[in-house]
Amino acid sequence: PFIVALGAISASDPAATAAAAAAGSASGPSPDSQAGSAEDFRPERWLEPQNAKSLALHQAPFGMGAHYCLGSHLAMAELTAVLAELGRSYSLTADTHTEWQDFPIKRPANGLPCTLQRLAAA
């Protein structure tokens, strides 16, 4: 096996592109094979129901097992502090009159527009 820097391969270098493709094919099919080519920028592929299995494989924001992010607890603590400050200092109103989509998770069809308004200082 060999390591190739991401910026080292360009479309104008067919030999490097072929070598990288051969190295990738030796490890088996790409997990993205169900969702189309990994080279294509098509983020909506993750919203298609036939790609649900592939979507489940890619939803590990802090990693897994021995490769779990060391800063995950700090990130969650910071997120909790930010949310507490938002809840204490702002009023949040949302348009709750909307239809809901069920895939890949239950979510509002209109994106659930929200308004954040700063509360008066006490």
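D95 counts as partly exposed because its relative accessibility is 30%; buried means under 20% relative accessible area, exposed over 50%, and partly exposed in between, with a 1.4 Å probe and protein chains only. This is a predicted model, in which local features need pLDDT of at least 70 and side-chain atom pairs count only at pLDDT 80 or more, while totals for chains, interfaces and linings use all residues. Residues are numbered from 1 along each chain as its sequence is written, and side-chain values use heavy atoms, with hydrogens and water left out.

The protein contains three helices and four strands, arranged along the sequence as α-α-α-β-β-β-β. Helices (H or I, at least four residues) and strands (E, at least two) are DSSP runs, numbered from the N terminus. D95 sits in the loop that joins β1 (90-94) to β2 (100-101).

Leaving aside residues up to four places away in sequence, D95 touches N110, L112 and P113, where a contact means heavy atoms within 4.5 Å. P108 is 13 residues from D95 along the chain, and the C-alpha atoms of the two are 9.9 Å apart. A polar atom of the D95 side chain lies 3.3 Å from the backbone nitrogen of H97.

Now the protein as a whole. Of its 122 residues, 9% are buried. Among contacts with a separation of 6 or more, 32% are between residues 24 or more positions apart. The accessible surface comes to about 9,900 Å², and carbon and sulfur atoms hold 64% of it; accessible areas come from the Shrake-Rupley method with a 1.4 Å probe, and for residues only the protein chains shown count as cover.

Key:
A polar contact is a pair of N or O atoms within 3.5 Å; within protein, one must be able to donate a hydrogen and the other to accept it, and residues adjacent in sequence count only if both atoms are side-chain atoms.
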